[in-house]
Amino acid sequence: MKSNEIDELEKELLEFIIEVCNITDPVPDNISADDPLIGPESPLGLDSLDAVEIVVAAEKKYDIRIGSRETTRKILKSLKTLADYIRKQTKGKAKSKATA
Amino acid sequence: MRDNEKNSFIHRQSAHCESGGTSNILLNYGVDVSEALVFGIGAGLFFGFFPFIKMNGLPVVTFRNMPGRILKNTSKRLGIKIESYKFKNPEKSMDALDILLDKGIPVGLQAGCYWLPYFPDALRFHFNAHTLIAIGRKGDEYLISDPVFEEPVTCLRKDLMKARFSEGPFSPKGKMYCIKGIKGQVDLPRAVTKGIRETCWFMLAKNPIPLIGVRGIRYFAKRVQEWPEKYGKRRASLLLGNAIRMQEEVGTGGGGFRLMYAAFLQEAADILNKKELLDISERMTETGDKWREFALLGARICKDRSLDGDNYDNLSNVLLDCAAKEYGIYNDLRETVR
């Protein structure tokens, strides 16, 4: 089921992607967290080269690693999958810092 | 007959089709080796720039060994007996596949992924060396464990046949394989050592034509610097975009497979009980990040949103830095397994 609700992190990511990819066209109001992020069906019109920029910029901003075992295409499926991945990674880090 | 409901094949999603497919099929024969381990044992890491070989009209830049080599090397080094088949007649190739599937044998297939209808449009591109595993069928519908997908998928006979006989570079010609048996005990340390040695050999190769290995990276760096002047801005962007896509997409796991190789070295440190491999793994991760810097810079140039200092000279310098780092890594790596 498609949900139009965008949570705080997803909203932050949307703004971050708009800035990183320098999207100057108006962004549709009804963008959903489940909409495809990359590819011909992306409402933001992003392609694989944009994906490279998003991955590297997100790694820097959130101090996470995207690659190797986790497939980039799975993580960049939608705003929701990207936000979920960041939450999982940063939570894991906070946990390991707390137990250290 | 094995159908969707009864199938017991264990499917794991992976970044790279050949390494992931090999890892999955081995797991189902009781040999549990990760995707990264298969990639390393199979000596998958590579660099090659072949300006005279064109795919989709663009020169080939590759970060991995020839399609099929990972499977061949891994099975040989782990003592797994593989039987491979090639066909001229598409119908016969499908009949041969059916016979194996009906016996409950999973079958590895090479296919052109553009013709596989379960690929979403965003991921469809002309690549004839895609690896997938047929794990069952119900009449004309085949159950497929495609390593780059989260769950097994289905494909109709006519579509699978078309994909198995797609034309162009690396044409699959109906190629398929299955496991025939395992010779004795799997010797993982020996297999890992052999894989590392082969990678070092290729990457430090001193061929008269410097198109592969570290020398290939240096040659590529020189050519990249010349692209805007030689081909003009538009064509240079096309060439650059192609190199970046080969590096960051096509199942590389990021950084042109360097990050996957770093994961392999981490596992190798345990298997060989050599702590120095952990340090080399970290250096390989840094190199993967450097390759990503090249991709990032290049993507900004292609997209016309360059920042100060984003130009082809700088791109070339980043590549030379990658080459220098990798030269040190393979020399040290070679010493650890001498």
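This is a predicted model: local features need pLDDT of at least 70, side-chain atom pairs count only at pLDDT 80 or more; totals for chains, interfaces and linings use all residues.

Reply: Residues are numbered from 1 along each chain as its sequence is written, while chains are lettered from A and ligands numbered from 1 in the order in which they are written.

Me: In what order do the six strands of the sheet in chain B stand?

Reply: Strands of a sheet pair through backbone hydrogen bonds, either parallel or antiparallel. Helices (H or I, at least four residues) and strands (E, at least two) are DSSP runs, numbered from the N terminus; two strands pair if DSSP finds at least two bridges between them. In chain B the order is E3-E8-E4-E5-E6-E7, an open sheet with antiparallel pairing.

Me: Why is one side of E3 and of E7 in chain B left without a neighbour in the sheet?

Reply: Strands E3 (80–85) and E7 (153–156) of chain B stand at the edges, each with a single partner strand, so one side of each has no neighbour in the sheet.

Me: How many residues does each chain bring to the contact?

Reply: Two residues are in contact if their C-beta atoms, placed from the backbone, lie within 7 Å. Chain A gives 16 residues and chain B gives 24. On the side of chain A that touches chain B, helix H2 (48–62) and helix H3 (72–75) of chain A each supply at least two residues. The largest share of that side, five residues, comes from H2(A).
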